[in-house]
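Hi,

Here is the structure I promised to send over. Have a look, and my notes follow below.

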Amino acid sequence: EKGGFEHFMLKEIYEQPKVIADAVRGRMSASEGWIKLGGVSEYINRINQAKRFIITACGTSYHAGLLGEYLIEELARVPVEVEYASEFRYRNPIITENDVVLAISQSGETADTLAAIEIAKERQALIYGICNVIGSSIPRATHAGSYTHAGPEIGVASTKAFSTQVVILTLMALQIAQHKGSISTSYLRQVLYELQNIPEKIKLTLKLDAQIQEIASRFKDATNFLYLGRGVNFPVAMEGALKLKEISYIHAEGYPAAEMKHGPIALIDEQMPVVVLATNESAHDKIVSNIQEVKARKGKVIAVVNEGDVEIKALADYTIEIPATEEILSPLLTVVPLQLLSYHIALMRGTNVDQPRNLAKSVTVE
Ligand code: F6R
């Protein structure tokens, strides 16, 4: 059942090209320039008139939600708030019939996310689910939704479910943007073409596995890791840190790169590995200076860069060169080396990769 892989987690990381292709199949055409998520089409008027989106989720699904905020605000130009379901449900949130509440959950059974949905429903919002497990509780509690079609995810650490959640959020943002006319037809086509190419580019990224394994062997005994990213790569930094904590039991934090100087920079010394997601073209110079700040304090920089980025290569201790893509889609590529890095470090430390201590695949109690 592991298809020749040593662990489900590794199998699921390698399935990402296929499941992303499955997630977009029949839902878009780059050559014809259309996007169609059934749930969005069904409620298009209500979604179009919404004054605000609220995204609610837990854990890795929350990180996908943070990306949803960038995608929906950038493309569809609607205000978005992202909330941990556990906080949202207990603070008497202001929700009206003009809100769309997006609930994201791999299992479709997370207790806090379900409770958040019930509150939002009572307050008349439109509830849209993005779930993986077909027929689970969350899809049954929502008005509309889209399945991620990632297939069963067995490894407790979520990988392919995250990628497909991000794909659905991208399609949703694009479909609303197209309906509203908030992006140009040419830009829309360009993003759709790039989205279509993502599975191929993930395959190329997976070829870096041996190099990532080598990097893992250098840092497997570290006690702390810092992950930094800007813009769309900030949620990826959070996700990379969570993956490492979950399966290797190494303490890690994900931070917006520019926040480093407001505190975490005090942690940096020659022992500290700092993973920097550096693919953003729009912030390249700023990322270069963030890397210089780390190097000035002798931190060890592992940078994920676009192929051919000689400037960062000259500064970083290790560079992982991945294919370039449209910036808003780059999380689908930058997350992959981080998944592999945590996998290899965990394996070298001898932890139970598929069933880490203290964790359950689906958290049905609050
Ligand atoms: C992380 C992980 C958890 C889940 C969280 C939400 O790898 O697996 O953080 O993401 O428990 O679960 P779902 O998405 O099923 O609601």
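How many bridges join strand β10 to strand β11? Five: residues 273–277 pair in parallel with residues 300–306, and V276 has A303 as its bridge partner in β11. Before going on, bear in mind that this is a predicted model, where local features need pLDDT of at least 70, side-chain atom pairs count only at pLDDT 80 or more, and totals for chains, interfaces and linings use all residues. Residues are numbered from 1 along each chain as its sequence is written, and side-chain values use heavy atoms, with hydrogens and water left out.

Those two strands belong to an open, parallel sheet of five, ordered β9-β8-β10-β11-β12. β9 (251–256) and β12 (318–322) each have a single partner strand, so one side of each has no neighbour in the sheet. From one strand to the next, the twist averages 15 degrees. (Strands are DSSP runs of E, at least two residues, and helices are runs of H or I, at least four, numbered from the N terminus; two strands pair if DSSP finds at least two bridges between them.)

Now the helices. α11 (residues 209–219) packs on the sheet, touching β8 (224–229), β10, β11 and β12 (contact is heavy atoms within 4.5 Å), and makes about 155 degrees with β12. Helix α12 (residues 233–248) lies across β8, β9 and β10, at about 175 degrees to β9. Axes are lines fitted to C-alpha atoms, for helices over the stretch in contact, and angles run from 0 to 180 degrees between N-to-C directions.

Finally, there are zero disulfides (cysteine sulfur atoms within 2.5 Å) in the whole structure. The closest cysteine sulfur to that of C58 is in C131, 12 Å away, too far for a bond.

Cheers
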